[in-house]
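Load the model and keep the sequence beside it.

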Amino acid sequence: MTSLLDDLSSVFGDDDLYVVLGVEQDATLSQVKKKYYLLARKVHPDKARDDSDALRKFQLLSRVYAILSDEHRRKVYNETGSVEEDVFSTDPSFSWSNYWRELFPAVDDEQIISFADSYRESEEEMEAVKKAYLNHKGDMTKVFENVMLSNPLEDEDRFRKMIDEWIENEDVPTYSQYHDSASREKRKKKATEEAAQAKKARTKRDAMLKRMKHTKGGSSSNNDLAMAILQRGRNRKQHFDELEKKYSKGKSKHTVPSEDEFQEIQKRLDEAKATNKRAKVDPSKKKKQSSKK
C-alpha cells in the first residue's frame with residue numbers, strides 16, 4: 001500500500017501538501033479552506049467526468065485538507081514532514097470521527113453562495129471559461145458543464161462578453177458551434193426546467209426540516225419521519241440507478257457522494273447521536289430505582 005506522499009507525487013507531481021493545495025506555508029485557515037473548495041469542486045467526479053483520475057484526485061485533496069486545516073496535524077507535518085495517521089492520533093484531543101468528517105465536510109447553502117460570490121468574475125473563473133471554450137471548440141453547453149457554479153440563465157451573456165473580447169483580440173479562435181442559436185435556446189429551456197425542479201426540491205427539503213424542528217419526543221411521529229427519510233433515500237437510489245443504467249454505457253460507478261449527500265449523511269449522524277443521548281438513563285435515577293426494589 002502506497003503512502004499519501006507517494007500518491008500525491010504520482011498524481012499531482014509533488015508530495016508537498018502546500019504545493020498540491022496551492023497555498024503558502026503560512027496560509028490562514030480561511031485561505032486553505034477556500035483553495036480546497038476550489039480544487040475539490042474542479043475534480044469532483046460529478047463535475048470532471050472526462051478526467052479518469054478525478055476520483056483519486058478528489059480523495060487525495062480531501063486528505064491534504066484534513067491535515068492542513070487542523071492546527072495539531074499541520075504542526076506535526078511542518079515539523080516532521082509526516083502525514084501518517086498514527087502520528088496524529090497521539091494528540092489527546094484527536095477524534096477519529098472529526099477527522100473523517102473533515103475529509104468529507106458538509107457544505108451548506110450559505111457557504112456555497114459565499115464561495116460563488118468570490119469565484120464569479122475571478123481570474124480562476126476566467127481561466128476555466130477559456131480552457132473549456134478551447135477544449136470543446138466553442139460548444140457552450142460543454143463550457144457550462146465544465147465551469148463550476150455556472151448557469152446558462154445567469155451566466156451566458158457574461159461568458160459570451162468575455163469570449164467575444166478574446167475573439168476580437170485574437171486570444172482565441174472562433175468556432176461555428178459558438179454561434180449556434182438553436183443550441184442556445186435548447187440550453188436555456190433545459191436550465192429553466194432544472195431551476196424549477198431545484199426550487200421544488202428545496203421547498204420539500206425546507207418543509208421536512210421544519211417538521212423535524214417541531215417534532216418533539218413522540219415516538220410515533222419520529223418513526224413516521226424516519227420512515228419518510230428512509231423511503232426518500234430508497235426512491236432516490238432507484239432513480240439514480242435507472243439514470244446510470246440508461247446513460248453510463250457500461251462505465252464503472254464511483255463511490256463518492258455528492259455534496260448534498262454529504263450534508264444529509266452528517267444530518268443523520270447528528271440525529272442518531274441526539275436520539276441515543278435522550279435514550280440514556282440518568283445514572284442517579286437508575287440508582288434510586290434500584291434502591292426502591
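What follows is a walk through the model, one feature at a time.

This is a predicted model, in which local features need pLDDT of at least 70 and side-chain atom pairs count only at pLDDT 80 or more, while totals for chains, interfaces and linings use all residues. Residues are numbered from 1 along each chain as its sequence is written, and side-chain values use heavy atoms, with hydrogens and water left out.

The average pLDDT (the predictor's confidence in each residue, from 0 to 100) is 75 for the protein, and 62% of the residues score at least 70. Over residues 86-90 pLDDT stays under 50, and the model gives this stretch 12 contacts (heavy atoms within 4.5 Å) beyond four places in sequence. Residues 216-221 are also below 50, with two contacts in the model beyond near neighbours in sequence. Where pLDDT is low, the predicted coordinates should not be read in detail.

Helices here are DSSP runs of H or I with at least four residues, numbered from the N terminus. Helix 4 covers residues 54-68; at 1.5 Å a residue, its 15 residues should span 21 Å, and its end C-alpha atoms are 21 Å apart, which agrees. The expected span is 1.5 Å times one less than the number of residues. Among the buried residues are F58, L61, Y65 and L68.

The core has 43 residues, of which L17, L21, L68, V147 and F159 touch the most other members. Helix 4, helix 10 and helix 11 are among the helices that each supply at least two residues of this core. Beyond four places in sequence, F159 touches E125, V129, M140, V143, F144, V147 and S150.

Two loop residues remain. E121, between helix 8 (109-119) and helix 9 (123-135), has a positive phi near 65 degrees although not a glycine. E121 is exposed (over 50%), with a relative accessible area of 58%. L149 lies in the loop between helix 10 (140-146) and helix 11 (152-168), with phi near 60 degrees, again positive in a residue other than glycine.

Conventions
Buried < 20%, exposed > 50% of the residue type's maximum accessible area, 1.4 Å probe, protein only. Core = buried A, V, L, I, M, F, W, Y, C linked by side-chain atoms within 4.5 Å.
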